[in-house]
Amino acid sequence: MNFTLVIEWLAKGFVWVLVLLGGFAYLTLYERRALARIQVRIGPNRAGWQGILQPIADAIKLIFKEELMPAQADKLIFFLAPVVTLVPALVITAVVPWGPKPLHLFGRDITLYIADINVGVLYIMSVTSIAVYGIVLAGWSSNNKYAMMGGLRSSAQMVSYEIALGLSFVSAILLAGTMRMTGIVEAQKTNWFVLLQPVGTAIFLIATLAEVNRAPFDMPEAEQELTAGYHVEYSGMKFALIFMAEYDKMIAISAIGATLFFGGYNGPFIDQFPWLGPIYIFLKIVLLLFGMIWVRATFPRIRYDRLMAFGWKVMLPLSLAVVFITAIGIILAQEVNALLIWLIPVASLLAGFVAIALMYRTLRRKEYARA
Amino acid sequence: MPVLEPLTGLVKGLWTTLASMFEKPVTVQYPEQKKPLRPRFRGRHILKRYENGLEKCIGCALCAAACPADAIFVEASENTDEMRFSPGERYASTYEINLLRCIYCGFCEDACPTEAIVLGDQYELAFTGRSQAIYSKEMLIEAGPAHGKPTPQVTTPGLFTRSVPEMKNPVD
């Protein structure tokens, strides 16, 4: 292994972690401003120009806050849990490619991704599964019943929605014919997978909301029921780490969504101007993050049993149907006519319609039962 | 289509919040922008003066008696024609209001026989210590009118014998 290569990896990793940490800071500001606008307010605009220094003020406040540790807490695990939550959130985006052509810098071709492994999607799935440990351990080691319940809810919710999430990944993998992230992006040069598999994209977006514990699936940290859920006992910088992990997970999941379904760095004129790639993916991430904020501003938290019912009785069968439809469509396109690929969106939208109709029927039936 | 209700309901909700994004924010950028006060707003107290510069307060302490929070302390002294602060026999030599106790009910205003104490329009009352919240007479009294003289004044004897002036019914 050559020494300069190691330096290159380290530099890229360092820059990427800095981007994620800075992104976390400004995502908090972005969310607060966007939420404020939706609620017909202005939001934080005092610290610096238009509140641009607000995250720095928040960071300083959090660093200087007193750190408390409950006397009965499991000290080691209590200390490790924020780290275990944060690290997967940071390393998960290592496989996301940022641009088509390598950057020519210092006489070397520097590729615009940290790792291009041939099981990129599998890597994402496995790392997201680790993230749940941090939350469960944080909840358990706090020795607080609310934290414990938050952790348990989080694990149940993540396990349930991970299946739907994984199956929505499968449809992207099938359409691209590879698990390599760069390959998936290249396969979307003509058609983004959101056009070919709109229902799969919708499943992905809903499941990721549950995965990152965002509203309306934020039961693990329901303020009204669990005071703050799994991070009640955390304060100061440890709380900041958990908070950071949550927001970095949002960024990561948006980057993955942009790459798998919204064409990654692809966009108009990408072939002539490869430097547009990072800009395109950045814009897509910002838009997807806005979607999350928008949903948070709109919908109330759903009931826990409904969340589970929705995950197991709607999302799972629908995502299975989507995988079958995608597979059949691809076979038809390969064996009969390439245009038959458009059967996939039609058939999957039909499947989505059936799912909605069945949901409607169930809801109506419950209404009758209550009356 | 009613069957699509689970979806259209969500879309309608999303549309509502998106539309509200483009409304004008209701926020008032406070220290720079201030909302106009209502005419009957009750802010910090002001001790008034007459046109000629004499204080309206005659030190009767009816305000202190009316105060439900016991926030007002009044001590009266005798007026003389050589050192006249207010019309009549007496004036308030000490007049203190503890603004941390005051509930801004305006009973003092109602009790005052000379309309000397008035709840003004100042509401920016922040203190860093309790002693700062006790406003003395010098802090409460309004500045003397431009053509009048400051108190104490030397006045001609027999001119200001009446403490309570002739008054009309108040108008807002």
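**Helix packing and the chain contact**

1. Helices H5 and H8 of chain A are roughly antiparallel to each other, since their axes cross at roughly 150° and come within 8 Å. (Angles under 35 degrees count as roughly parallel, over 145 as roughly antiparallel, 65 to 115 as roughly perpendicular and the rest as oblique; axes are lines fitted to C-alpha atoms over the stretch in contact, with angles from 0 to 180 degrees between N-to-C directions.) H5(A) covers residues 145-176 and H8(A) residues 198-211.

2. A friendly reminder: this is a predicted model, where local features need pLDDT of at least 70, side-chain atom pairs count only at pLDDT 80 or more, and totals for chains, interfaces and linings use all residues. Residues are numbered from 1 along each chain as its sequence is written, with chains lettered from A and ligands numbered from 1 in the order in which they are written.

3. H5(A) passes H8(A) in a left-handed crossing. H5(A) contributes residues including A:Tyr161, A:Leu165 and A:Ser168, while A:Ile203, A:Phe204 and A:Ala207 are among those from H8(A). By class, this contact has 9 nonpolar, 5 polar and 2 charged residues.

4. H10(A), residues 236-260, and H11(A), residues 276-298, have axes that come within 9 Å and cross at roughly 120°. That angle makes H10(A) oblique to H11(A). Here the crossing is right-handed. Among the residues that meet are A:Met250, A:Ile251 and A:Ser254 in H10(A) and A:Ile285, A:Leu288 and A:Met292 in H11(A). The classes are 9 nonpolar, 2 polar and 1 charged.

5. Between the chains, the contact takes 14 residues from chain A and 15 from chain B (contact: C-beta atoms, placed from the backbone, within 7 Å). The chain B side that touches chain A divides into 9 nonpolar, 4 polar and 2 charged residues.

Note on methods:
Helices (H or I, at least four residues) and strands (E, at least two) are DSSP runs, numbered from the N terminus. A crossing is left-handed if the near helix is turned anticlockwise from the far one by less than a right angle, and right-handed if clockwise. Two residues are in contact if their C-beta atoms, placed from the backbone, lie within 7 Å. Ala, Val, Leu, Ile, Met, Phe, Trp, Tyr, Cys and Pro count as nonpolar, Asp, Glu, Lys and Arg as charged, and the others, Gly among them, as polar.
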